Amino acid sequence: MSATIIDGKAVAQTLRHRVAQEVAALDRRPGLATILVGEDPASAIYVSNKRKLCVEAGMRDRHRLLSAQVSQAEVEDVIDELNLDPEVDGILLQLPLPKHLDAPSLIERIDPDKDVDGLTETNAGRLALGRPGLRPCTPSGVIQLLDSAAVHLEGAHAVVVGRSDLVGRPQAQLLLARDATVTVCHRHTRDLASHTRDADIVVAAAGVPKLIGAEHIKPGATVIDVGIHRTEGGLCGDVDFDAVAGIAGHITPVPGGVGPMTIATLLRNTLTAANLHNSSHRETRTNGSGPARDGVAVTAGQP
Ligand SMILES: Nc1nc(=O)c2c([nH]1)NC[C@@H]1CN(c3ccc(C(=O)N[C@@H](CCC(=O)O)C(=O)O)cc3)C=[N+]21
């Protein structure tokens with residue numbers, strides 16, 4: 001093995017610690033609301049981890065557990081209520097939802113300034129146009145991992161494998177915002193390896209276990225594995241770690257790579273949303289001069 005392992009667990013811990021320090025300095029506790037529909041065991045574990053770390057960071061934890069048979073209108077009512085709740089700064093609707101629900105329309109119902117997943121059309125549009133807004137957690141966490149390893153992005157050829165709303169598409173936009181040359185590959189791509197072998201950075205987010213092997217990677221390239229799969233042989237990602245670690249320059253493991261960064265970034269986004277709400281609240285209270293969101297660190301290009 002030659003690759004340096006990027007320790008997502010450690011980078012995430014540092015980020016969560018920083019968030020906790022900033023939270024402690026506020027005069028109002030930021031609040032995160034999670035909505036879980038049904039009892040899918042993996043989703044239940046993810047949500048309980050998010051809630052636990054939210055509390056650890058000093059934030060208020062709000063939770064709505066809805067039955068798998070809940071109606072579209074009932075979920076809409078829950079979102080409406082949380083949109084109006086001044087104690088709630090961020091709303092996370094855990095995906096995937098049961099098939100009878102219209103997920104895109106429910107996501108769209110979330111107030112864009114509470115959309116800590118960065119999935120509303122408003123935030124996706126802000127990202128595409130390079131404007132400030134809340135960025136999706138997983139791709140934003142990937143950028144922070146690259147920065148933590150001092151991987152140079154400007155002018156680098158980055159290949160994103162996958163084009164999902166949650167990861168692939170926003171990942172490509174975030175890399176573009178950092179001046180990488182971006183290629184997006186997907187299931188219709190002819191000769192995937194011909195693209196990835198040219199890449200300085202490969203972000204594997206296809207949802208296919210061990211899709212990326214040594215034959216896909218240029219020696220010394222950085223390989224970020226967003227996949228997470230439960231197999232008989234334990235957890236694995238979209239990257240064949242043992243094969244690729246022999247050729248890559250940097251690589252993220254699964255577990256302990258991107259996953260922990262997703263949660264840390266969710267907390268960072270909740271703090272960002274709280275700062276946004278605090279400053280606009282102060283403006284209306286004091287009728288101060290200047291734009292309500294002046295000075296709030298909502299990022300444009302970076303996470
Ligand atoms: N609205 C929404 N937003 C999401 O961000 C979202 C979602 N829905 N649905 C599901 C995916 C998946 N996801 C993960 C979060 C943390 C880990 C994580 O912490 N993984 C650890 C532990 C892995 C384990 O043991 O299961 C690791 O990789 O080291 C993994 C996956 C967030 N997602």
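Guide: Axes here are lines fitted to C-alpha atoms, for helices over the stretch in contact, and angles run from 0 to 180 degrees between N-to-C directions. The model is predicted: local features need pLDDT of at least 70, side-chain atom pairs count only at pLDDT 80 or more, and totals for chains, interfaces and linings use all residues. Residues are numbered from 1 along each chain as its sequence is written.

Visitor: Why is α1 called roughly perpendicular to α6?

Guide: Helix α1 (residues 8-24) packs against helix α6 (residues 137-148) at an angle of about 105°, the axes being 11 Å apart. Roughly perpendicular covers 65 to 115 degrees, so α1 is roughly perpendicular to α6.

Visitor: What makes residues of α1 and α6 count as meeting?

Guide: Contact requires C-beta atoms, placed from the backbone, to lie within 7 Å. Gly-8, Val-11 and Leu-15 of α1 meet Gln-144, Leu-145 and Ser-148 of α6. This contact comprises three nonpolar, three polar and no charged residues, Gly being counted as polar.

Visitor: How do you know that β2 and β4 pair?

Guide: Pairing requires that DSSP find at least two bridges between two strands. Four bridges join β2 (residues 31-37) to β4, and the two run parallel; Ile-35 stands opposite Leu-93 in β4.

Visitor: What makes β3 and β4 edge strands?

Guide: The open sheet has three strands in the order β3-β2-β4, with parallel pairing. β3 (60-66) and β4 (90-93) each have a single partner strand, so one side of each lacks a neighbour in the sheet. Neighbouring strands are turned by 15° against each other on average, direction ignored.

Definitions and conventions: Parallel < 35°, antiparallel > 145°, perpendicular 65-115°, else oblique. Contact = placed C-beta atoms within 7 Å.
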